[in-house]
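Student: Please take a close look at one part of this model, beginning with a single residue and its surface surroundings. Then please carry the description onward to the other parts in one connected account.

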Amino acid sequence: MTATTRTNATFWNKAADGYARKPVANPDAFERKIAITRSLMQPDHVVLDIGCGTGSLALRLASSCAHVHGLDLSSEMIRIANGKAAAQRAENVTFHTGPFDEGFTALEEGSLDGICAYSLLHLVEDRDAALARIHHLLRPGGLFVSSTVCLGDTWVPYAPLLRVMRWLGKAPTVKIVSRKTLVREVERAGFVDVTGPDVGAEKIVAFLVAKKPR
């Protein structure tokens, strides 16, 4: 684990309890995203939710597929997610703690039918590497669904503000990316049929659905 990864893990561990209590910023858009994601799942599908946080999405998907895996950098987020899974008696959900890199070996390449990355791609150090890893883990024809904050689509000078907040320990690593760049990166990773369904989200949030070619 790199120093940056450890720092980010520490940030999210401290934020976990508050994050769990915080309401969804745009519940209507979130519900539409979940509905679209669930509509893509089949009863025999095995799905991975990367950056699963406290498990809200993973647990919502559990009834639509055979098994859901959730992965998060924060052990505190996973502690809360496991508690929620136990309370809901969700027996087909497994949560894992750790970074999403080559060290994550719980799942084999080509073993997944779907991967979700909600509020994640703007937080990873190397998006190209993450997208390549996602592509490798999916079966041919597998689905990738992401929701990404694209601060590059606004005139606000977020970069210096985020540097200061990170220095003060008030923010994790956040990468500035535009929707256009993100789509290009997803396609460069080998995905096809990249679409952006309108879910009524904020303009700086890119909700994308893509497919690994058969």
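Tutor: Trp167 belongs to helix H6, which covers residues 158-167. Helices (H or I, at least four residues) and strands (E, at least two) are taken as DSSP runs and numbered from the N terminus. The model is a predicted one, in which local features need pLDDT of at least 70 and side-chain atom pairs count only at pLDDT 80 or more, while totals for chains, interfaces and linings use all residues. Residues are numbered from 1 along each chain as its sequence is written, and side-chain values use heavy atoms, with hydrogens and water left out.

With a relative accessibility of 73%, Trp167 is classed as exposed. The classes are buried (under 20% relative accessible area), exposed (over 50%) and partly exposed in between, with a 1.4 Å probe and protein chains only. Together with Val164 and Leu168, Trp167 makes a nonpolar surface patch of about 390 Å². A patch here consists of residues with over 30% relative accessible area and no salt bridge; like charges are joined within 9 Å, and nonpolar side chains (Val, Leu, Ile, Met, Phe, Trp, Tyr) within 5 Å. The areas come from the Shrake-Rupley method with a 1.4 Å probe, and for residues only the protein chains shown count as cover.

His45 falls in another class: its relative accessible area is 12%, so the residue is buried. His45 sits in the loop between helix H2 (27-39) and strand S1 (46-50). Leaving aside residues up to four places away in sequence, His45 touches Leu40, Cys65, Ala66, His67 and Asp113. Contact means heavy atoms within 4.5 Å.

Across the whole structure, zero disulfides are found, a disulfide being a pair of cysteine sulfur atoms within 2.5 Å.

Strand S7 (residues 205-211) is mostly covered, with six of its seven residues buried. Asp193 is exposed at 53% relative accessible area. Most residues other than glycine have a negative phi.

The charged side chains remain. Eight salt bridges are found in the whole structure, each defined by a side-chain nitrogen of Lys or Arg within 4 Å of a carboxyl oxygen of Asp or Glu. Glu76 pairs with Arg79, their closest N and O atoms being 3.0 Å apart. Both residues lie in helix H4 (residues 75-88), three residues apart, about one turn of the helix. Glu76 is partly exposed at 27%, and Arg79 is partly exposed at 44%.

Arg127 and Glu185 form another salt bridge, at 2.6 Å from N to O. This pair links distant parts of the chain, with Arg127 in helix H5 (residues 127-137) and Glu185 in helix H7 (residues 179-188), 58 residues apart. Arg127 and Glu185 are both buried. Arg188 and Asp128 also meet in a salt bridge, at 2.9 Å from N to O. Arg188 lies in H7 and Asp128 in H5, so this pair ties together parts 60 residues apart in sequence. Arg188 is exposed at 52%, whereas Asp128 is partly exposed at 37%. Finally, salt bridges with shared partners join Asp17, Glu76 and Arg79 into one network.
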